[in-house]
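Subject: A structure for you to explore

Hi there,

Here is the structure I promised to pass on to you. Have a look at it first, and then read on for what I found in it.

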Amino acid sequence: MRWVALTAVAPVAWGANYFVTHAFLPADHPLYGAALRALPAGLVLLALCRRRPRGAWWGRSAVLGLLNVSVFFVLVFAASQLLPTSVASTVMAVSPLVMMLAAWLLVAERPGAAHLAGAAIGLGGVGLMLLGGAGGISVPGVLASAAAVLVSSFGHVLTKRWNTAGDAGVLASTAWQLTAGGLLLLPVAVVVEGAPPPVSPSAFLAFCYVGLVATALAFVAWFAGLRRLPAGTVGLIGLLNPVTGVLLGTVVAGEVLTGRQLGGLALVLVGVALGRPGGTGRRAGRPHRRGTAGPGDAPWADDCAVGSRQPRAFRRTVPTGRCLGGRTAPVVRRRITAQGWRERGARRGR
């Protein structure tokens, strides 16, 4: 549950980000807004981790930076300016289903029944909140939010796959993709939007929140949760994004909160509760077969072979002696690497 609590920091920060962007940042400079959000955050994380990409991570950082940062941030900035705070954050709540589908395709995580039920109930709550809004819904804004859902869901699951199989830590990989995304955005912003917009004191403080809290802190928390929790659980935690956006838009921005929206909020919270790890079972969203680590190993060794049917796949899933469930597996790793897979097969034959 501590990973659930840590992961929840991200959608709460993102829900507040809609209001901050809508109220304080310049509306006619989405490219500069996205670049100034990503690049400072990436540089701060780079200074903390003090690591550079190696090998395949140069290309991976560019791909993840394009998906999770460059394209996603521009779409979110546009949606935040075109839609009320409550509507902008609510449209993003369709991401659990999209993320579950992407996780099924990319990392072989079959969504559990509780995850699907939570996503369906959450989407019902989203529909109630949208239908109960006070109006002012912009079709381009909704399309921008929907496109942001598709791009981010694919990018986040791709991040989960590469973070799990690679040797890069969450902090380092987040720093690399934020820096790469910001560097990709900056020249495009100069060509398309010309000179940077003037920044008032309130806009400067807003950029500080957007960069340090809603980007650096939120993305590290989110990707840490994706590395240790099923994608379906993380996607449902993301439903706290619209809850935060609706409540903040009502309390601070003076937007009207109807009874129908309150019912939608309640359904969203039920969907989040259904996705908690304890409610999905130990193997929810984790296809594997018992005995992958071989007889005589630790009784919980099959939990570490998440989605693996090949010996090499198992070795990739436990690069540091820690399985995805949070239990250490030093005995399994030493036994496999010392005796080799051929001897392990002979031992199973006996």
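Before we start, one term: a helix here is a DSSP run of at least four residues marked H or I, and helices are numbered from the N terminus. Please also keep in mind that this is a predicted model.

With that term in hand, let's begin with glycine 235, which sits in helix 10, residues 231-237. Is glycine 235 buried or exposed? Its relative accessible area is 0%, and buried means under 20%, so glycine 235 counts as buried. Leaving out residues up to four places away in sequence, glycine 235 touches Pro96 and Met99. The C-alpha atom of leucine 97 is 7.7 Å from that of glycine 235, although 138 residues separate the two along the chain.

Now the whole chain. The protein chain has 15 helices and zero strands. Of its 350 residues, 52% are buried. If you take the contacts between residues at least 6 apart in sequence, 84% of them join residues at least 24 apart. The chain exposes about 15,200 Å², and carbon and sulfur atoms supply 67% of that area.

Next, the surface. Which residues make the nonpolar patch of about 600 Å²? They are Leu6, Val9, Val44, Leu48, Leu171, Leu212, Val213 and Leu217. Helix 1 (2-24), helix 2 (30-49) and helix 9 (201-228) each contribute at least two residues to this patch. Helix 9 gives the most, with three residues. Valine 213 belongs to helix 9, and with a relative accessible area of 30% valine 213 is partly exposed.

You will find threonine 179 in helix 8, residues 170-193. Its relative accessibility is 11%, and therefore threonine 179 counts as buried, given the cut-off of under 20%. Setting aside neighbours within four places in sequence, threonine 179 is in contact with Leu39, Gly42, Leu43 and Leu46.

Two loops are worth a visit as well. Alanine 27 lies in the loop between helix 1 and helix 2. Apart from neighbours within four places in sequence, alanine 27 is in contact with Phe77 and Gln81.

The loop between helix 2 and helix 3 holds arginine 50. Most residues other than glycine have a negative phi. Arginine 50 has a phi near 55°, a positive value in a residue other than glycine. Why does arginine 50 count as exposed? Because its relative accessibility is 76%, and exposed means over 50%.

Finally, follow the chain into helix 3. Helix 3 covers residues 57-82, which is 26 residues. From its first C-alpha to its last, helix 3 reaches 35 Å, close to the 38 Å expected at 1.5 Å a residue. Where does helix 3 bend by about 40°? The bend is at leucine 66.

Enjoy looking around, and write back with any questions!

Best wishes

Note on methods. Residues are numbered from 1 along each chain as its sequence is written. This is a predicted model: local features need pLDDT of at least 70, side-chain atom pairs count only at pLDDT 80 or more; totals for chains, interfaces and linings use all residues. Side-chain values use heavy atoms; hydrogens and water are left out. Patches are made of residues with over 30% relative accessible area and no salt bridge: like charges are joined within 9 Å, nonpolar side chains (Val, Leu, Ile, Met, Phe, Trp, Tyr) within 5 Å. Accessible areas come from the Shrake-Rupley method with a 1.4 Å probe; for residues, only the protein chains shown count as cover. A salt bridge is a side-chain nitrogen of Lys or Arg within 4 Å of a carboxyl oxygen of Asp or Glu. Buried means under 20% relative accessible area, exposed over 50%, partly exposed in between (1.4 Å probe, protein chains only). The expected span of a helix is 1.5 Å times one less than its number of residues. The bend at a residue is the angle between axes fitted to the seven residues ending there and the seven starting there. Contact means heavy atoms within 4.5 Å.
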